[in-house]
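Student: I would like a close look at one part of this model, and then a careful account of how other parts of the chain are arranged.

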Amino acid sequence: MQTSPQPRRRAPSTSASSSSSTPTRTTTCKRQRLLGDQPQAMASARARGKLPEMPPGRQPPSTLQPYSGARKLVIKNLRTAHMKDGNPQLEDYYVRTERELGAALDAIFAGNRPAVPLERLYRGVEDMCRKGAADEVYKMLVKRMDRHLQTVVLPRIKLSGTDVVRSFLAEWNKWNDQTKMIRSTFCYFDRTHLLLESLPTINEMSITHFRQMAFSSSQTEAASSLGSQVVAGICDMIYYDREGDARLDYDLLKESIRSLHTLSVYVKHFEPVFLDRSKAYFRDCGEQWNASGLKQHISSCETLLRKEEYRCLAYNLESTTAKQLMGSAHDILIGHYSDKLLHGDSLSQLLSNGDVKSVKGLYNLLRLSGIQKEMKAPWCDYIRIAGAEIITDVARGDEMVIRLLDLRRSLDVMLRDALDNDEALLWGMREAFGKFMNDRQLASCWDNGTSKIGEMTAKHMDTLLRGGLKALPKELISDVKDRATAEKEGQAASADEDAELDRQLDQALELFRFVEGKDAFEAFYKKDLARRLLLGRSASQDAERNMLTRLRGECGSNFTHNLEQMFKDQELAKDEMKTYKQWCKGSGGGGDDEVDLHVMVLSAAAWPTYPDMRLNLPDEVATQLERFDGHYRTKHTGRMLTWKHSLAHCSLKASFPRGAKELLVSASQAVVLVVFNTVPDDGFQTYEQLSTATGLQGAELQRTLQSLACGKARVLCKHPKGRDVKTTDTFSLNKAFTDGKYRIKINQIQIKETKAEKKATYERISQDRRFEMQATIVRVMKSRKQMGHAELVAEVINLTKQRGSVEPAAIKEEIEKLMDKEYIEREDGGGYTYLA
């Protein structure tokens, strides 16, 4: 095997120095020259293939010159076995090093700087560890730490009140500084021996010894140990914080709790004591607040919980401690006093006062303990009591709907701003409204024996549709939040008056949904709608039609059939008048008449009934009416027109000495004013003369004269002056009448609906309800043929509940009437059979 020559390399020389005077030994060794020795050739043919082919006997040139001298290795501080065992100088060095380390520890514990340089101490620790005396260093360090803590540190800590915490924390901080110095001095020992032997590090060692000094592990000694005094002092400072005591030192408290975390005594020694004392504090607070009102209790409880939660974050309390602390607070302050928090009278006072802040705080407190659902019972009780007071207040019956809407508005605001739109409370509110609005005992306080909510709801809608938002109090107008919600739902802009009117109508419709007697609402709404359409008093035609659409969606097309027919009659009347105008022009009569006639033909079945009024019309007007009557009979064979002068109104052109005016008056007012066209300038008319000339009698004539002579626009003068019209009074034209406007509307004095008229309306409603029950009974029996009494009554109630609630006794009475009419007959078993 051929080998290639290897150059000789100089062996490195290593040296080790020490600050101590130890013997030095020099060893010289020679190494045989290896020139000419060649390493083994490359084993694989593949490797050899990479080298250039060399002719035999030739060697590659070398740039290195071989070293032909001897190699010399110098080893300093060589320690041999006989030197380790018997060198007195070395033994003195270790003894002196141990003594210097002890003195350095004493100096560090005393707060002084060691007399020996720190580098020398570090080397000494390293030498001791290399010697194998690391165990002695460990024992010395442990012994010195224990002795210093027990004899020096422990006596210096004061055991009185919060001073023990301050002294404890001062000694702890000083101990940490001393530990840093010790750890830097014994760094080699800390990173080699302790690490290899799996022993606690110096830092862990110092924490453990300080913990053993302050906190005893046995239960018997724990109560009297320094640690228990420290924990008690920390709890006292937390109590100072809770009470706002000036003795609180925030930084001291925060640092002391941090030291408990570092000493690993937080969970075992501090947390149980802190939680027990906190529970006692919560119980004391609950007893103090129990004597106060609900509002004060809620406010105090909210404040305490908010501060406790902040305190847990500010003082770095563990999350488990905070959870247990807040749980104890919820159980003691909320759970133990749930009867007070859910007391019906106290809650009713908060709701009636509109105290959103207190109710929101109460709901949040109940939700923290998971008992917010128990709020439903007092919430519903308050609604039923408040609603019953409104329903039974006969003296303020005209304000019933306004007060109910105000109640509903306050509850909606409370749900939105305080109760987080709780679904259970929302449904409870709807159930409570349905109960008190349809309670027959509450309705018995009215003369008609039924609830007036249907009637008053129709009156309220009439007020809205006639006067718009001007008729509403400011409390019912939507606020900014309601308008923002409406915009999000795709409704009109918040500043749109029509959109606000729609929202108010929707709120009134909410009350309508709770009413079971919808037939009363229909009757009064029909009367009011007819008056608005005939007299042109609707604030918005769009609002009228939108309301009709809502009613059709709520009650069906049968409910709104007559109402829709009223709108159709208006449209047909316009077409009828257009045809009449064309006929007048084509026939050559009436084209140049001064009277511009406009007639609205109403179908008797759809519109309410109105009383006939005798009125002596001027010849010009009477001629026009006869002409229209003839045209209508010619066009519609078999139909007959009945003129309702009480619904007519007209526009008169009047010439006064101070200027011409256009007067918008009713038909009766116009007839009275036309009479004065034939009266001399200084003449007058007596009451009897006016009655004979106009055909008006009694109260109708008195109301008409009172509106013309005693109202705001006094176009007539009454003699003698006064507000009441008597049969002995005389009347003359007011020559001094003047007004800033050219067109003046003189309102007719409207008489309120009398009790007799209302009673007649309710009797008509009751009669229609009886007819409907009879028709329902016949319809059911015709489809079933045979049916039991209980089943028939239940079916009739279910089919007629949309129109109004009926009593089983009333249904039985109608069954008896149908048996007399031989529609049905009674079976032997108590059932009924339909007779074809």
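What follows is one request about a single residue and one connected answer.

Student: Where is S666 placed, is S666 buried or exposed, and which residues does S666 touch beyond those up to four places away in sequence?

Tutor: The model is a predicted one, and everything below should be read with that in mind. S666 lies in strand β4, which covers residues 659-666. Its relative accessibility is 14%, and because buried means under 20%, S666 counts as buried. The side chain of S666 is joined to that of S668 by a polar contact of 3.3 Å. When residues up to four places away in sequence are set aside, S666 touches A648, H649, C650 and Q748.

From this residue we can turn to the sheet formed by other strands. Three strands, in the order β5-β7-β6, make up an open sheet with antiparallel pairing. Strands β5 (685-686) and β6 (716-719) stand at the edges, and because each has a single partner strand, one side of each is left without a neighbour in the sheet. The pairing of β6 with β7 (residues 730-733) is antiparallel and runs over 4 bridges, and L716 stands opposite L733 in β7.

The nonpolar cores come next. The largest of them has 156 residues, and F186 and W379 are those with the most contacts inside it. Helix α26 (residues 518-535) supplies the largest share of this core, 9 residues. For W379, once neighbours within four places in sequence are left aside, the residues in contact are L347, L351, L411, M414, L415, L419, L425, G428 and M429. Apart from this core lies another, of 30 residues, which includes L663, Y687, L690 and I746. L663 falls within the residue range of β4, 659-666, and Y687 has its place in the 30-residue core.

A last point of detail is M600, which is found in the loop between α28 (561-587) and α29 (619-635). With a relative accessibility of 26%, M600 counts as partly exposed, whereas S666, at 14%, counts as buried. M600 and M577 are 23 residues apart in sequence, and their C-alpha atoms are 8.1 Å apart in space. Not counting residues up to four places away in sequence, M600 touches L533, L534, Q570 and A573.

Conventions. Residues numbered from 1 in each chain as written. Predicted model: local features only at pLDDT ≥ 70, side-chain atom pairs only at ≥ 80, totals over all residues. Heavy atoms only, no water. Helix = DSSP H or I, 4+ residues; strand = E, 2+ residues; numbered from the N terminus. Buried < 20%, exposed > 50% of the residue type's maximum accessible area, 1.4 Å probe, protein only. Polar contact = N/O pair within 3.5 Å; in protein donor to acceptor, adjacent residues only side chain to side chain. Contact = heavy atoms within 4.5 Å. Pairing = 2+ DSSP bridges. Core = buried A, V, L, I, M, F, W, Y, C linked by side-chain atoms within 4.5 Å.
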